[in-house]
Amino acid sequence: MDVYGVIGNPVGHSLSPLMHQAALDALGIPARYVAFCVQNLTAAVQGIRGLNLRGVSVTLPFKTEVMDLLDGVEAGARAIGAVNTIVNDHGRLTGFNTDGTGLIRDLREVMDIEGRRFAVLGAGGAARAAVFGLVQAGGIPVVLNRTARKGEALAADFGCTFCPLAEAAGVEADCLINTTPVGMAPGDDRSPLPADVPGRFPWVVDIVYTPLRTRFLREAAAAGCRTRSGLGMFIHQGAEQLRIWTGRTAPVDLMRRVVEARLIKAG
Ligand code: ATR
């Protein structure tokens with residue numbers, strides 16, 4: 001039986017085991033997917049080789065730090081500067097990043113990307129993945145960030161423009177995407193922008209999916225915007241991980257159903 005897993009700290013809240021185990025079972029792949037709470041990253045990565053884990057998801061806070069410990073990093077993950085997926089090929093570990101692909105596949109379910117403008121809020125690893133994915137897909141991102149220096153650096157890396165967060169209301173875009181952790185459960189009912197700003201954008205997307213309806217999305221919906229939570233991005237990034245690990249097409253609808261049911265049950 002093959003073993004897959006997620007490494008992070010904390011990982012108790014991770015929905016990856018639920019999602020991936022359901023997918024592996026549905027595909028008839030005899031495997032277990034386990035959450036590993038990492039105490040020592042170097043030892044953990046060596047353990048992937050030592051225990052012959054076939055594939056590993058990487059979550060916070062290790063997505064960047066893990067890169068130096070791998071044998072290779074695929075070009076997209078290198079451009080993003082973060083790895084969320086490791087493939088173990090007979091002890092040789094290669095890093096990938098499926099977050100950008102996940103976002104693009106989810107957006108494509110509801111909108112065109114080529115030639116459209118996207119206001120991307122944030123300049124961390126999630127924002128880098130989003131901007132990378134959007135540029136690859138022919139979209140035109142505008143980076144909005146609280147700290148100008150970080151936002152400008154991200155925009156320069158991907159050849160797009162930067163706008164200070166305080167000037168968000170003046171940005172013209174087809175879609176506004178929050179990539180910051182603001183509004184993530186538990187106990188954070190903040191929005192990254194004043195309530196009157198999201199209403200200026202036809203589409204408003206939050207990459208947060210705990211809760212499914214963040215304050216940011218609730219205020220956008222109240223202002224008449226079409227909205228999308230981060231659930232679809234999470235499902236699609238996982239589906240791409242499964243494809244990389246097994247070569248199989250993931251049962252996306254099933255994965256979405258099990259994760260959504262858990263999120264609704266959790267309130
Ligand atoms: P990740 O790698 O998960 O994207 P990160 O690297 O910590 O996380 O980046 C978090 C992003 O959220 C940053 O762009 C941060 O803005 P700063 O660059 O100004 O720090 C943004 N962020 C976090 N809290 C915020 C808040 N309360 N308002 C606006 N932006 C916030």
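Predicted model: local features only at pLDDT ≥ 70, side-chain atom pairs only at ≥ 80, totals over all residues.

Visitor: Okay, in what order do the six strands of the open sheet come?

Guide: The six strands are arranged as 2-1-3-5-6-4, and the pairing in this open sheet is mixed.

Visitor: And which strands stand at the edges?

Guide: Those are strand 2, residues 31-37, and strand 4, residues 72-73; each has a single partner strand, so one side of each is left without a neighbour in the sheet.

Visitor: How many bridges join strand 3 to strand 5?

Guide: Three bridges link strand 3, made of residues 55-58, with strand 5, made of residues 85-89, and these two strands run antiparallel. Within that pair, Gly55 has Val87 of strand 5 as its bridge partner.

Visitor: What does helix 1 lie across?

Guide: Helix 1, residues 16-26, lies across strand 1, strand 2 and strand 3, and it runs at about 170° to strand 2.

Visitor: Switching to the ligand, how many residues surround it?

Guide: There are 14 residues around the ligand, with Ala123, Gly125, Asn145, Thr147 and Lys150 as the closest. This shell divides into five nonpolar, six polar and three charged residues.

Visitor: What about Asn145, how far is its side chain from a ligand oxygen?

Guide: An N or O atom in the Asn145 side chain is 2.8 Å from an oxygen atom of the ligand, while for the side chain of Thr147 such a distance is 2.5 Å and for that of Arg146 it is 3.0 Å. The ligand taken alone exposes 640 Å², of which the protein buries 71%.

Key: Residues numbered from 1 in each chain as written. Heavy atoms only, no water. Pairing = 2+ DSSP bridges. Helix = DSSP H or I, 4+ residues; strand = E, 2+ residues; numbered from the N terminus. Contact = heavy atoms within 4.5 Å. Axes fitted to C-alpha atoms, helices over the stretch in contact; angles between N-to-C directions. Near = heavy atom within 4 Å. Polar contact = N/O pair within 3.5 Å; in protein donor to acceptor, adjacent residues only side chain to side chain. Areas by Shrake-Rupley, 256 points an atom, 1.4 Å probe, with all protein chains shown as cover. Nonpolar A, V, L, I, M, F, W, Y, C, P; charged D, E, K, R; others polar.
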